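Colleague: I have a model open and would like to go through it with you. Could you take my questions one by one?

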Amino acid sequence: MGDVLEAGVARKTKAAPAAARTKLVLVCSPKGGVGKTTIASNLLVRAAQQGVRALGLDLDRQRTLTKWFAKRPAEAQLFSVREATFSQWAALSREIRSNRIEQDGRLTYELVVVDTPPSVEDHLLEVRNILEDADLTVIPTKPGDFDLESAIPWGRTVSGMGGKTVMVLNQINKQASSWQQAQNRIIKSRLSVCPVALPTSEDVTRYLDKGLALLDLTKARGDSMERFEAVYEFVAQEVGL
Ligand SMILES: Nc1ncnc2c1ncn2[C@@H]1O[C@H](COP(=O)(O)OP(=O)(O)OP(=O)(O)O)[C@@H](O)[C@H]1O
Ligand SMILES: [Mg+2]
């Protein structure tokens, strides 16, 4: 694991200024396997590296995020992950909205990232409740036609319910232009799309079994890492972190 950093230990981190309110990012999509957990985990890792106090809420009964977090080396657990269910949202909402402050004057959690199961449209009522608390909904999608035919209507549903929404293209082939067509199609559907698209990269899956994410890697920094970092910065800016 020579080229792996136990998150935030070797990288210099800068404490984020105290946020007045916990920011909540909901990651969801109707499709499975589009990168929800990948994006949620990298957002959490990057937040921790930036000195932002972060919590992941795992609403997926498959508990992928929870299992991944449990494998992380103790020194890399610079954020928390908690299992939860949709039906617990009222209590979770109260807890998040309480904006608990620690002795150092900073929020217990400055960022909460909610990872969700596929077929999220089956939980429309619960999603509506979460949207009342969410600062941003991130909808990852692959660039294929069938992917967009499912992701775009969902994006419109979420934004129609009043949620600030951004689509993130994932698993694009940088060599092909099809992802740009996908980007155009999203924009023409009057939805926001993250200006940075994420490529398919073997590094994304390389150390998953060790509980590590792409942004934990230190050596062989490449374009994929730059892009995942840029997605974090975009999300952070959108929620006002
Ligand atoms: N940019 C990428 N490059 C390479 N592999 C990726 C990329 N994004 C995701 N993957 C891989 O694709 C698979 C599905 O990703 P992930 O688990 O993040 O999707 P998901 O939307 O959370 O899936 P589910 O709906 O089952 O919860 C995983 O094996 C993941 O490692
Ligand atoms: Mg998942």
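Colleague: Is Arg190 buried or exposed?

Modeller: This is a predicted model, in which local features need pLDDT of at least 70 and side-chain atom pairs count only at pLDDT 80 or more, while totals for chains, interfaces and linings use all residues. Residues are numbered from 1 along each chain as its sequence is written, and chains are lettered from A and ligands numbered from 1 in the order in which they are written. A residue is buried if 20 or more other C-beta atoms, placed from the backbone, lie within 10 Å of its own, exposed if 12 or fewer, and partly exposed in between. Arg190 has 10 other C-beta atoms within 10 Å, so Arg190 is exposed.

Colleague: Where is Arg190 found?

Modeller: Helices (H or I, at least four residues) and strands (E, at least two) are DSSP runs, numbered from the N terminus. Arg190 has a positive phi of about 60° although it is not a glycine. Its place is the loop between α6 and α7.

Colleague: Which loop holds Ser119, and is Ser119 buried or exposed?

Modeller: Most residues other than glycine have a negative phi. Ser119 is not a glycine, yet its phi is positive, about 55°. The loop is the one between β4 and α4. Ser119 has 11 C-beta neighbours inside 10 Å, so it counts as exposed.

Colleague: In what order do the six strands of the open sheet lie?

Modeller: Two strands pair if DSSP finds at least two bridges between them. The edge strands, each pairing on one side only, are β3 (80-83) and β6 (165-169). The pairing is parallel, and the order is β3-β2-β4-β1-β5-β6.

Colleague: By what angle are neighbouring strands of this sheet turned against each other on average?

Modeller: The axes are lines fitted to C-alpha atoms, for helices over the stretch in contact, and angles run from 0 to 180 degrees between N-to-C directions. For neighbouring strands of this sheet the direction is ignored, and the average is 20°.

Colleague: Why is β2 described as largely enclosed by the rest of the structure?

Modeller: In a regular strand the side chains alternate between the two faces of the sheet. On one side of β2, Ala54, Gly56 and Asp58 are buried, and on the other Leu55 and Leu57 are. β2 is largely enclosed because the number of its five residues that are buried is five.

Colleague: Which residue of β4 is the bridge partner of Gly56?

Modeller: Four bridges join β2 (residues 54-58) to β3, and on that side Gly56 stands opposite Val81. β2 also pairs with β4 (residues 111-115), in the parallel sense, over five bridges. The partner of Gly56 in β4 is Val113.

Colleague: What does Leu65 touch, leaving aside its neighbours within four places in sequence?

Modeller: Leu65 is in helix α2 (residues 64-70), and its 27 C-beta neighbours inside 10 Å mean that it counts as buried. Two residues are in contact if their C-beta atoms, placed from the backbone, lie within 7 Å. By that test Leu65 is in contact with Thr37, Ala40, Ser41, Gly56, Asp58, Asp60, Val81 and Asp115.

Colleague: How far apart are the end C-alpha atoms of helix α5?

Modeller: The expected span of a helix is 1.5 Å times one less than its number of residues. The 16 residues of α5 (residues 145-160) should therefore span 22 Å. The distance between the end C-alpha atoms agrees with this, at 22 Å.

Colleague: Which elements do the buried residues of α5 pack against?

Modeller: The buried residues of α5 are Asp147, Leu148, Ala151, Ile152, Trp154, Gly155 and Val158. They pack against α4 (124-133), β5 (136-141), β6 and α6 (178-188).

Colleague: Which residues does Gly163 touch, not counting residues up to four places away in sequence?

Modeller: Gly163 lies in the loop between α5 and β6. It counts as buried because it has 21 C-beta neighbours inside 10 Å. Gly163 touches Leu131, Ala134, Thr137 and Val158.

Colleague: Which helix supplies the largest share of the shell around ligand 1?

Modeller: A residue is near a molecule if its C-beta atom, placed from the backbone, lies within 6 Å of it. Of the 18 residues around ligand 1, Gly32, Lys36, Thr37, Thr38 and Pro118 come nearest. α1 (36-49) and α7 (202-206) each supply at least two residues of the shell. The largest share, three residues, comes from α1.
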